[in-house]
Amino acid sequence: VMPVFGLMAGAAAYFALTKRGVSKAAAGLAMFFLYTHLAFIRTGIGGMETPVALLLMGLSLWALGGNRPIAMGVFCGLLVLCRIDGSIWAAIMMLALGLKSWRKAAVSTLTAFLVVLPWIVFATIYFGNFLPNSMLAKAVVRPGRESILLTGRNMLVYALWYVKGTGFRANMCLFPLWLAVGSLGARRLLRQCPKDLWPVVVFPFVYALTMYAGRSPRFEWYLLPITYTCMIMLAVGIIEVYRVIDRLIPSRARTPIAASIITAALLCYCGLAVPTMIKHMSRTATSEDQVRTQVGKWLKDNTPRHALVAMEAIGYQGYYSERRIVDFPGLVTPKVIEFKRSTAENGRVFEDVLQFFKPDYIVLRSYEVDTNHHFNGGLLFLTPEKKRRFAETYHEVRRFSAPGSGPRDLLDHLTIYRRR
């Protein structure tokens, strides 16, 4: 289903752009770049919600250009429910509409609020807080790391990471070229339809700064909203380059020269992207189907229905297991957030979770116990005594490995432990 939403996300961008005067060639090229982007494909075949979020971004941009405040409010409200970081795009959309008509912006904001209201009521009653627990868990300030956002090294690491969202890493040979062409595309968008298309240009900067200030972790799928807008700027920039060539070169030579340059650029892009894309698509599908899905099905078939299972990756494993879950990051288990706030040691959080919840089964990456290394860094067992106590309390019942994976493929090996 998610790949279908991904295709629709590209189509939504196409119609939103062409509606505001962007050429069909540029809009179609943006679709091509999006559809062939590795992270976009990975999130689609991985069953994540990201394609839905991108679709809602495209639809809200279309509604902004068409002066449809109620539709834009619905799309922005759904976007916030789909992913909390969607509120960044939604806020920019409301501002853009407000600059055109504050009355329409008020209607759109009210509509978005009414869409989100049922969640606010439910979450406040059930969780005691309307903010998503996943956001609270990821934004936890660990002791000793209160001012880490202000360190130069941390800023540089995250800046280079967010640059990846543009489609190319800063150390890739194509990055300077992409920066120049993307800048041309941004300039063209701002000149062609400044009232409706400026959010596309501004969004990557606002998104990166907001996510950094919110202490967001570095997950690849968090970059896709940036990629979505940057692919638009890249495509528009390439067509702008074509127009420049068209003006500078005599008419008899311009068509073959321009066509050759654009063809070479596309072949270069595909030469870098497609082989890597195919390799990662195969590996991702194998990892999800042969490891995480099988872990979940094993838990369903071999554990009591009332069993409590602790794990870190709760997607495929949690869904297929049909068991009560305690997740180590605290995304669906609020108590874990308290443990994380009390210590900077991941091993201590692991110990607190086991002591408090006493799970019947635990799913860990195999290397964590084998090498005493926590997935998020540091020791899994802080002392030899704690490791001995774990061995006395839990014993290994099953290991899962992706076909063709080696010892260095640490994420492709999982182990299930059962309480004695």
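Here are some numbered notes on a predicted model, to read with the structure open.

1. Start with Leu 78, Leu 81, Trp 119, Phe 122, Tyr 126 and Phe 127, which make a nonpolar surface patch of about 600 Å². Two elements give two or more residues to this patch: helix 5 (69-82) and helix 7 (102-126). Which helix gives the most? That is helix 7, with three residues.

2. Look for Leu 78 in helix 5. Is Leu 78 buried, exposed or partly exposed? Its relative accessible area is 37%, so Leu 78 counts as partly exposed; the cut-offs are under 20% for buried and over 50% for exposed.

3. **Cysteines.** A disulfide is a covalent bond between the sulfur atoms of two cysteines. How many disulfides turn up here? The count is zero. Two cysteines you can look up are Cys 82 and Cys 193: Cys 82 is partly exposed, at 23% relative accessible area, while Cys 193 is buried, at 9%.

4. **Salt bridges, and one to begin with.** The count of salt bridges comes to 16. One of them joins Lys 300 and Glu 322, with the closest N and O atoms 3.3 Å apart. Lys 300 sits in helix 13 (residues 251-302), and Glu 322 sits in the loop between helix 14 (316-321) and strand 2 (324-327), so this pair ties together parts that are 22 residues apart in sequence. Both ends are partly exposed: Lys 300 has a relative accessible area of 37%, and Glu 322 has 42%.

5. **A bridge between distant parts of the chain.** Now find Arg 365 and Glu 312, which form a salt bridge with the closest N and O atoms 2.7 Å apart. Where do the two residues lie? Arg 365 is in strand 3 (residues 361-365), and Glu 312 is in the loop between strand 1 (308-311) and helix 14, so to speak across the sequence: the two are 53 residues apart. Arg 365 is buried, with a relative accessible area of 6%.

6. How many residues apart are Lys 335 and Glu 338 in helix 15 (residues 334-342)? They are three residues apart, about one turn of the helix. Lys 335 is partly exposed at 27% relative accessible area, and Glu 338 is partly exposed too, at 45%.

7. **A whole network.** Salt bridges can also link up in a group, as with Glu 351, Glu 385, Lys 386, Arg 388, Arg 389 and Glu 392. One of these, Glu 351, is among the buried residues of helix 16, which brings us to that helix.

8. **Helix 16.** With 12 residues (346-357), helix 16 reaches 17 Å from its first C-alpha to its last, close to the 16 Å expected at 1.5 Å a residue. Its buried residues are Asn 346, Gly 347, Val 349, Phe 350, Glu 351, Asp 352, Val 353 and Leu 354. What covers them? The cover includes strand 2, helix 15, strand 3, helix 18 (384-393) and strand 4 (394-401).

Note on methods:
Residues numbered from 1 in each chain as written. Predicted model: local features only at pLDDT ≥ 70, side-chain atom pairs only at ≥ 80, totals over all residues. Heavy atoms only, no water. Patch = residues over 30% accessible without salt bridge, like charges linked within 9 Å, V, L, I, M, F, W, Y side chains within 5 Å. Areas by Shrake-Rupley, 256 points an atom, 1.4 Å probe, with all protein chains shown as cover. Salt bridge = Lys/Arg side-chain N within 4 Å of Asp/Glu carboxyl O. Helix = DSSP H or I, 4+ residues; strand = E, 2+ residues; numbered from the N terminus. Buried < 20%, exposed > 50% of the residue type's maximum accessible area, 1.4 Å probe, protein only. Disulfide = S-S within 2.5 Å. Expected span 1.5 Å × (residues − 1). Contact = heavy atoms within 4.5 Å.
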